[in-house]
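User: Hi, could you walk me through this one? I have a few quick questions.
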Amino acid sequence: MALEVVGGAFLSASLQVLFDRMASKQVVDFVREKNVDDELLNKLKIKLSSINKVLDDAEKKQLADPAVRKWLNELKHTVYNTEDLVYEIHTEALRYEIEGKPHLLSFFSTRSYAKQINQRIAKILDALEYIVKDKDLIGLKEVGRVDNKSPPRVSIIVPPLEDESGIHGRDADKEAIVNLLPSDADTVNKISVIPIVGMGGLGKTTLAKLAYNDFRVNNLFDIKMWITVSDEFDVFMLTKAILEKVTSRTCSIEDQYDLQLKLKEVLEGQKFLLVLDDVWNENYDRWYALKSPLEFAACGSKIIVTTRSESIGSMMGNVPNHRLQVISDEDGWKLFAKHAFSNNNVEPSIYSDLEVIGKKIVEKCQGLPLAIISLGGLLRSKLNSKEWEKILKNDIWELIDEKKCDILPALWLSYYYLPPNLKRCFAYCSIFPKDLLFEKEIIILLWMAEDLLQPQKYKTLEEVGDEYFSDLVSRSFFQCCDDNFIMHDLVNDLASFVSGEFCLRLDDNDSKVVSSNARHLSCMGYGRSIKNLEAPFENKLWRTLLRNGLESSDFEPMQTMQCLRVLRCIPISPLPDSIGNLKLLRYLDLSWSRIEAIPDTVCTLYNLQTLKLTSCHNFRCLPNSIGNLKNLRYLNLSLTAVKQLPETICNLPDLRTLSLSYCRSLSRLPNSMARLTNLRHIDIEGTYLEEMPPQMSALKFLEKLSYFIVGKDSGSSIEELEKLSNLRGSLDIKRLENIVNVDDVSVANALMDKKYLTRLSLAWDNDVDDSHKAKKVLERLEPQINVEELAIANYGGTSFPDWVGRDLFCRLGKMELTNCRNCYLLPPLGQLPSLKELCVEGFDMVGRIGHEFYCGGSSSNSMTRPFKSLEFLKFSDMSSWEEWLLMEGEQEDGAFPKLERLELNNCPKLSAACLPDCLPSLNTLEISGCKMLLASLQDDQLPTLEVLELSCCPEVESLPEGRLPSTIHTIRILCCGKLVSLLEEGWPSNLKSLSILGCDKLFTINMQWNLGMLTSLTSVTIGGQNVALDSFLEEGQLPITLTSLTLRNIPNLRSLYSKAFRSLTSLKKLKICKCTNLQCLPEEGLPASLELLSIESCPLVAQRCQREIGEDWPKIAHIPCIRIVDRIIIDDMC
């Protein structure tokens, strides 16, 4: 994307879009027809053009001169009024074009309408006259703009800030925080609160994420939670957020006391790590209220707090504040160079002149990582010393310092040098609350609705928006956060400063003064009702209204908001007919509303570009008049109950995206879909369509199609895929059995030119009788070599065509072959250089896997090491498989040098002797239904094996069978119905955790458990037994080193043997769950070492353990933490 390095003023792009709109054929023709004075319009354009020349000077001086900032605001207000007027004219022309009849606005005649428009233009001209005079009074001058253009950019998404490869100067800080997390030594405070304190832009959140994600921390805590707090410290909402993080479920509790009781219950005995990021609250009572239920968690729990305030850190923390300092100039240069040179793959030292200038720029950033990253992003790809000098010597550094402005100079410079079109898009984002995660697609749709995207030849508006967005990401105005994006608080402050009084963001219980000039309003907050919205609703000039919890009654005052372009009201029910009065509306989001239909008046909103009905679960049908929305580009009906779409939807010439994902009731698409020739995306994932509509090949611009169902008729045959050359991402092709003429060239061409596909699934629906035909079909469906994932299901051929496994597929990382029941040979997959995951399931005819699997027809001398990248391998339902032969001349570290996880399920004839001799990286082995595989698992075969799972092996009567590798620390035994004994010999010497689930015969009268000598064993889980058990556990059956014991889902267990439990002198945690017939706790009590007792869904025991009055209370009163059913019985200090 070619963009100016030296940016123009914010309003320059607005004026350009305005001039383009005024010159459009629709506006020109309508003005002429309605006798609007076109001379006035020309004067208006001339006047605005004259002001445009001084905008660059004004934008620079506004920081130091309040009069200039006020002048700019007055000009913005006038430009907005002009845009509204021109947009109204354009809308009226559009309505006239669609309805084919004149419209008498408010009973005015056409002449009166023209007079009204002329008066409004004259009023705007009067305002502009004063603005032009004022520009001379405040000393604004024309400034020549340097027109240096950068080469086309590669859209680069910078990694999240917690990516350690991009962080410099924080190693010691990270170690300091991480070292505080394992310690349980604090005898005064059960929970340690660790404050990270520092000014904005220092990287407090980044440091917290580094500690949070450190590999040493992962196993220290039962629960990890991250909560972004920001300005509003709402105890109820924060408690609810924490509870939802812990339970991974939505919480409907509305009473704060009940909510805290519930949180107390679920945290009891659990050791957690909680990060409270970006705290501003100075009220101790609020902090105490939030903290109180957290105190019932296990000792050693930790809370990390990030804040800019020393006093907040001291108030919340019980360890000294970790004061984050600025980074050194040396580390700052490394960080700057990473961002400034990353597009060129060159060493900064090669450009010695730039290094000298760059280090001086870093010095001016005063050690703030955010400022350094921002300027590095600004100069990315600019290897011109003049451009770097402009940044270094720009007088903005001094201007901001002199005026003690809250905006960082480096951030303002990054903004100042943005092109004008990006400035408008960035400023608009000030409408979003701090720390809000947002989707790229939604932001682009909002920009489009606000006319912030300048059309480019040969590009759609969506493509232009994507370039704008990627450029803002590359300059660090937006940061990646998983699949979404976020703005740093200081960047959000910059956006708010730039947008000024024209964007208003109300948080919960906010009472900001509403400027009469404000155009964009968001009331999103935490989702509670916003108080005192009467004042904002008195403003008739709103263009944007983003609000949660809108009521139907709120629409009455909204009817007068005739300039509204964007409306998000989540949720609303019902939607009133008066929505049709908002004639300029371009974006309407009704997601999560309880509506069954939309009124016909919505379909008179002829400007509408975006209509979102996502997750309106009761929504059933669109009106037939939907076809009137000629400008509609984006329609989202995902997760609705819609059963069919009206044929009139095919009258939408500009429709680009049709999202129908998980519309479970939808069975077919309209027959005339071929008329939607501009369609780019059809999302039908999770739907159950019976067939494809005819002539899909007409959608030549289509980029996303979740799946294609091959039909027998010519209109939906495989031939329809041939012309869809722009398909990208993922594509499933179903019902390949319906291909009639295999020799048709269209079959071969269906995938050959699909160079943008990254995932492909080829599936037959039924058993295939003609294996020869199936192979010819698959042979002709060879994809492009850049595919990354490939799945083949229900293939009926006896062998695979040559292209399957060809090493030219250098990007293929994941492959699934499922239910290919006629195949007697696996394809040669060993030479795929990037293959990381492989699943082979349902190959009934394969009896032997040998040389062909590793290299096919290649000689062992010419091939590379087979499966050199494979990390996960699964074989399942291989009923005839007996031999797994090794490759001839196998290298020292085997054919699977990087394999970490191996699953073998239902391969009953496969023996242990067939396993590869060496799997040097294997960490986890799962064996299910493979009775012959357990005889021999050797150390030398599996030198790194740590986790072993055995399941559904009905013939196994005793374990282990032979000596297991000593490296194993975790064993899970599931559903082995004939297992009667656990042997004394053969267990791994490092075994720490053992789980036994669903093995009834182990619990006979003479329980043959011989685990007492396993002194390394610390954790045992037992459950899923249905046999009658009068008592459980005999003395000596478990080692005295055991620290954790869980008994789960043993409904017929009646009692626990006293002496056996008393002998477990190291036991710290005992959890008993769903043992509904357990009568009582052991007669002689529980070990004195016990720190946590958890009893859930055991009603008989729960009755006996009531505090003070229960018969078993004396047996447990010494235990610090006790959880019983849905109540907490606990000491205050726990």
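This is a predicted model: local features need pLDDT of at least 70, side-chain atom pairs count only at pLDDT 80 or more; totals for chains, interfaces and linings use all residues.
User: Which residues of H19 are buried?
Analyst: Residues are numbered from 1 along each chain as its sequence is written, and side-chain values use heavy atoms, with hydrogens and water left out. As for H19, the buried residues are Pro 420, Asn 421, Leu 422, Lys 423, Arg 424, Cys 425, Phe 426, Ala 427 and Tyr 428. Buried means under 20% relative accessible area, exposed over 50%, and partly exposed in between (1.4 Å probe, protein chains only). Helices (H or I, at least four residues) and strands (E, at least two) are DSSP runs numbered from the N terminus.
User: How many of the residues of H19 is that?
Analyst: It is 9 of the 9, so H19 is largely enclosed by the rest of the structure.
User: And how many residues of H8 are buried?
Analyst: H8 (residues 204-212) is mostly covered, with 7 of its 9 residues buried. Those are Lys 204, Thr 206, Leu 207, Ala 208, Leu 210, Ala 211 and Tyr 212.
User: What covers them?
Analyst: The cover includes helix H7 (171-180) and the strands E1 (192-197), E2 (223-230), E3 (272-279), E4 (302-307) and E5 (322-323).
User: What is Leu 436 in contact with, leaving aside its neighbours within four places in sequence?
Analyst: Phe 485, Ile 486 and Met 524, where contact means heavy atoms within 4.5 Å. Leu 436 and Phe 485 are 49 residues apart along the chain, and their C-alpha atoms are separated by 8.4 Å.
User: New topic, helix packing. At what angle do H9 and H10 pack?
Analyst: About 30 degrees, with the axes of H9 and H10 (residues 256-267) 10 Å apart. Axes are lines fitted to C-alpha atoms, for helices over the stretch in contact, and angles run from 0 to 180 degrees between N-to-C directions.
User: Which residues meet there?
Analyst: Among them are Phe 236, Leu 243 and Val 246 in H9, and Leu 259, Leu 263 and Val 266 in H10. By class, this contact of H9 with H10 has 9 nonpolar, 4 polar and 2 charged residues. Ala, Val, Leu, Ile, Met, Phe, Trp, Tyr, Cys and Pro count as nonpolar, Asp, Glu, Lys and Arg as charged, and the others, Gly among them, as polar.
User: How do H9 and H11 cross?
Analyst: The axes of H9 (residues 235-247) and H11 (residues 284-291) come within 10 Å and cross at roughly 25 degrees. H9 and H11 are therefore roughly parallel to each other, a label for angles under 35 degrees, with over 145 counting as roughly antiparallel, 65 to 115 as roughly perpendicular and the rest as oblique. Val 235, Leu 238, Thr 239 and Ile 242 in H9 meet Arg 286, Ala 289 and Leu 290 in H11.
User: Last one: how many disulfides are there?
Analyst: A search of the whole structure finds 0, a disulfide being a pair of cysteine sulfur atoms within 2.5 Å. For Cys 930, the nearest cysteine sulfur is that of Cys 907, 4.4 Å away.
User: Is Cys 930 buried or exposed?
Analyst: Cys 930 is buried, with a relative accessible area of 0%.
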